[in-house]
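User: I would like to go through this model and ask what stands behind each label. Please set the values against the cut-offs.

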Amino acid sequence: MVEKRIVCVTSTSCLSYAPERYKNLGIEQFHIVVNYNDKDYLEGLDLDPKEFFKTLETLEDPKNHLPHSAIPSFESIREKFQSIVDKGYTEAIIITLSSYLGGTFNAIQLVAKEFEEQLKTTMIDSKITGFNEGLLAIQAKELVDKGVDTETIVKEIKWSMAHQEFIGVCGSLDYLVYNGRLKGGKAFISKLIHICPVMHFSHEGVLEAFATAVGTKKGAKMAVAKVKELISNLDPNDYILFRNYSGEHSADVLKEFEEQYDLKPNHEDMIVSPVIGCHVGPYLASYGLFIKRKPDQPLE
């Protein structure tokens with residue numbers, strides 16, 4: 001039997017909102033649920049992120065009207081697997097958002113076991129989310145199309161994961177506090193003196209602060225400086241750098257400092273996943289960095 005492979009990803013990858021050149025690659029998505037205004041939406045299918053964040057910007061009482069996210073239902077995951085099998089695929093490479101951000105990875109993995117006699121499944125926890133996650137899936141699909149074996153693809157993806165970055169700031173701590181990401185006295189003091197955490201994903205997949213600043217602008221300046229440090233010895237052809245934003249103008253605070261540090265993103269800005277927006281609101285300004293491996297750099 002001829003092996004036929006498919007690449008899948010979770011909807012937090014933002015592929016539904018990406019430039020057109022990424023839309024017809026044949027990458028399947030598992031759609032995460034977002035609930036707001038007492039209605040469930042499937043991210044990437046029936047939820048417009050721009051309208052979603054615009055709504056959050058105008059909420060009069062966000063504390064009592066928080067949006068929430070939920071893992072895909074087991075029924076929907078089974079339907080996706082059955083659809084993949086029905087299309088004749090014999091192997092799936094599935095890349096998900098960081099397992100530290102919820103139970104989606106585990107849910108998909110559990111259902112995969114139900115189909116193990118029909119479909120060989122390779123699960124990859126991206127240790128990140130947003131379009132960085134999407135770029136991992138795009139990389140995997142390009143390698144599949146070139147006929148690269150799955151074992152090598154996994155090594156390539158893991159190399160990319162070890163060299164990817166998500167660095168930025170949140171212009172308001174309200175959603176982080178309301179959702180319990182920032183708690184107790186730490187939350188009170190941070191809001192009182194306008195502390196701005198400079199956040200990144202650790203290589204274990206945890207979204208955490210690696211520095212703090214007083215005020216969003218100082219935090220944004222630190223984020224720009226850090227990204228410039230990371231790419232200072234690289235040719236622009238060796239990486240993909242883009243801004244992430246939630247609210248329409250949330251990334252403007254980064255642009256204020258880019259000329260000062262001679263930092264020039266080389267990819268279109270990307271709106272973030274509404275799932276992430278449930279936790280950061282319409283205030284996120286960050287960078288995604290995806291470094292490309294050179295042929296002379298070892299995979300392991």
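Predicted model: local features only at pLDDT ≥ 70, side-chain atom pairs only at ≥ 80, totals over all residues.

User: What makes strand 3 and strand 4 a pair?

Analyst: Two strands pair if DSSP finds at least two bridges between them. Strand 3 (residues 33–36) and strand 4 have four, in the antiparallel sense, so they pass. Tyr36 stands opposite Lys39 in strand 4.

User: Which strands stand at the edges of the six-stranded sheet, and why?

Analyst: That open sheet runs 10-9-8-13-11-12, with mixed pairing. Strand 10 (207–214) and strand 12 (270–271) each have a single partner strand, so one side of each lacks a neighbour in the sheet. Strand 11 (residues 239–245) and strand 13 (residues 284–291) pair in the antiparallel sense over seven bridges. Ile240 faces Phe290 in strand 13.

User: Why is Phe74 called partly exposed?

Analyst: Buried means under 20% relative accessible area, exposed over 50%, and partly exposed lies in between (1.4 Å probe, protein chains only). Phe74 has 35%, so it counts as partly exposed. Its place is in helix 2 (residues 74–86). Helices are DSSP runs of H or I with at least four residues; strands are E runs of at least two.

User: Is Leu254 buried or exposed, and how do you know?

Analyst: Leu254 is buried, because its relative accessible area is 0%. Leu254 lies in helix 9 (residues 252–261). Its C-alpha is 34 Å from that of Asp296, 42 residues apart along the chain.

User: How do you know what span to expect for helix 4?

Analyst: The expected span is 1.5 Å times one less than the number of residues. Helix 4 (residues 131–145) has 15 residues, and 21 Å is expected. Helix 4 reaches 21 Å from its first C-alpha to its last, close to that value. Just after helix 4, Gly147 takes a positive phi of about 85°.

Note on methods: Residues numbered from 1 in each chain as written. Heavy atoms only, no water.
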